[in-house]
Amino acid sequence: MPNIYQTFRHFLRDNGCERQFDAAFYEQSGANVLDETLADILVIDEAFLNRCFDWSKTPEGREFWKDIDGRWWDLVRYGRD
């Protein structure tokens with residue numbers, strides 16, 4: 001993938017959860033916003049969503065993020081979501 005950060009941002013938008021992701025990441029990361037520089041440090045890969053915040057501590061809940069994580073995994077590993 002040419003620019004994994006942009007791919008990830010498009011993925012979140014396409015799946016209708018960019019705002020929810022940003023809110024959860026910001027709240028649970030100690031007031032950091034995921035930008036391209038931080039994304040390079042954290043390494044966005046197929047397992048990224050699984051380690052960026054505690055799904056059960058979000059309004060959407062664990063099952064919501066598990067579904068999104070599965071779609072992300074499919075996109076990164078197999079080129080489809």
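Visitor: What covers the buried residues of α2?

Guide: This is a predicted model, where local features need pLDDT of at least 70, side-chain atom pairs count only at pLDDT 80 or more, and totals for chains, interfaces and linings use all residues. Residues are numbered from 1 along each chain as its sequence is written, and side-chain values use heavy atoms, leaving out hydrogens and water. Helices are DSSP runs of H or I with at least four residues, numbered from the N terminus. The cover of the buried residues of α2 includes α1 (4-14), α3 (36-42), α4 (48-52) and α5 (61-78).

Visitor: Which residues of helix α2 are buried?

Guide: Buried means under 20% relative accessible area, exposed over 50%, with a 1.4 Å probe and protein chains only. On the other side of α2, R19 and E27 are exposed. The buried residues of α2 (residues 18-28) are E18, Q20, F21, A24 and F25.

Visitor: Within what arc do the buried residues of α2 fall?

Guide: Look down the axis of α2. The arc is taken from the directions from the helix axis to the C-beta atoms. The buried residues line one face of the helix, because they fall within an arc of 165°.

Visitor: With which side chain does the side chain of N15 make a polar contact?

Guide: N15 sits in the loop between α1 and α2. N15 is buried, at a relative accessible area of 17%. A polar contact pairs N or O atoms within 3.5 Å, one able to donate a hydrogen and the other to accept it; residues adjacent in sequence count only if both atoms are side-chain atoms. At 2.6 Å, the partner is the side chain of R71.

Conventions:
Helices (H or I, at least four residues) and strands (E, at least two) are DSSP runs, numbered from the N terminus. Contact means heavy atoms within 4.5 Å.
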